[in-house]
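Here are my notes for your first look at this model. Keep the structure open and check each point as you read.

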Amino acid sequence: MRYFTSPYNFVYRENRKVKIYDTTLRDGEQTPGVKFTKEQKVEIARKLDEVGIHEIEAGFPVISSYDEEAVKAVVMERLNARILALCRPKQKDIDAALRAEVEGVIIFLAVSDLHLKYKLKMDLKNAIDMALWAVEYAKDHGLFVQLTAEDATRTTLDSLLSLYKAAIDHGAERIGIADTAGCIRPKGMAYLVGQIRRNFDIEMSVHCHNDFGLAVANSLAAYEAGIDAISVSVNGLGERCGNAALEEVVMCLYALYGVDLNFRIEKLRDLSLLVSKFSGIPIPVNKAIVGENAFRHESGIHVAAVLKHPFTYEPYDPQLVGQERKLVFGRHSGTEGVKEKLLSSGLNLSDEEIAEIVRRLKSLPIGHKIIENSELIDFAKKVLEEKK
Ligand code: MN
């Protein structure tokens, strides 16, 4: 079996579709210090819809009247994406979602011993009664209902199955696994999904947190084990270390699993920049898919090879995700790349002159700003001028 995929020809093609539901406007907004205005929420929702995201969790309407209005403003855009809201199993939460006119709700409840004892201060039976009442209430009011077990990855399988069974019996159309504290391993996630799947023939979703940097890996493990919907957020925003990054999950599915969701992935970088601007949280330069360095090369060996064929050091074409290839020059530069770049720009240089330019690049002081592709010619001219 071949263990890799190639951008030329996806050898491994997984045809099972999966829904992507974005929680940038809900969990993403719970990032400490982040608060979107109503207008910003609408703009982000429009961009998510342009990309093709199937569902948008637009907020937690019961929090405040402003939050309720913001969720409603997103609903009023009449996007293609299905708009969902988060609710606790409480009537006032579901009433707020109904006033915001969302199509569905995600009702969340933890039945892990830890949460029952310290947070909810109730036993399993009372918690389940509360959940099934809420599911029924939401269903009676025409909502699509997902029942999510919060802290599912630290809950006994028996408790989880009892909660899901009650929810399904009372009309829940999807059950959710939340790795609330981000503490499961990919194999554990695959096992959990498999165990639940054995018991229920119903749509299942997963919501992963990144406390150990495994949110994307766990989401993909869930996909491999048969999950139907994956919760993501743009730039991986969310509580603490955030959630599974939308751009990473979508591109992994596309390029590594060969799942074409028919998304406009060339808009991923724009989406990422928009959310970074509104959240005030910069995109790390080395962020997968959308980071500034994702297709930027400086080291001599890499630049020389990329000029001959980009796939030598790139997994896929940067334009696919709205990025561009950037060659930069500095202390790590090598003769071959510099030569190829300068000669192809029409400069007629001797080997000796090129060697001098490379020497000067290599002796740039530490901390000197790197020389962008477009600046190399000016740098070369300056070096030769000074040499005369
Ligand atoms: Mn969460």
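1. Start with H207. At 9% relative accessibility, H207 counts as buried. The label "buried" means under 20% relative accessible area; exposed means over 50%, and partly exposed is in between (1.4 Å probe, protein chains only).

2. A word on the source. This is a predicted model, in which local features need pLDDT of at least 70, side-chain atom pairs count only at pLDDT 80 or more, and totals for chains, interfaces and linings use all residues. Residues are numbered from 1 along each chain as its sequence is written, and side-chain values use heavy atoms, with hydrogens and water left out.

3. D27 sits in the loop between β1 (19-22) and α1 (38-51), while H207 is in strand β7 (residues 203-208), so the pair ties together parts 180 residues apart in sequence. Helices (H or I, at least four residues) and strands (E, at least two) are DSSP runs, numbered from the N terminus. D27 is buried, at 3% relative accessibility.

4. Now the salt bridges. The whole structure has 35 of them. Each is a side-chain nitrogen of Lys or Arg within 4 Å of a carboxyl oxygen of Asp or Glu.

5. Take E50 and K267. They form a salt bridge, with the closest N and O atoms 3.2 Å apart. E50 lies in helix α1 and K267 in the loop between α9 (246-256) and α10 (268-279), so this pair ties together parts 217 residues apart in sequence. E50 is partly exposed at 36%, whereas K267 is buried at 17%.

6. Next, E173 and K139. Their closest N and O atoms are 2.9 Å apart in a salt bridge. The pair links distant parts of the chain: E173 is in the loop between α6 (157-169) and β6 (174-179), and K139 is in helix α5 (residues 124-140), 34 residues apart. E173 is partly exposed at 33%. K139 is partly exposed at 28%.

7. Last, E266 and R264. This salt bridge has its closest N and O atoms 3.1 Å apart. Shared partners also join salt bridges into one network of K19, E55, R82, R174 and E203.
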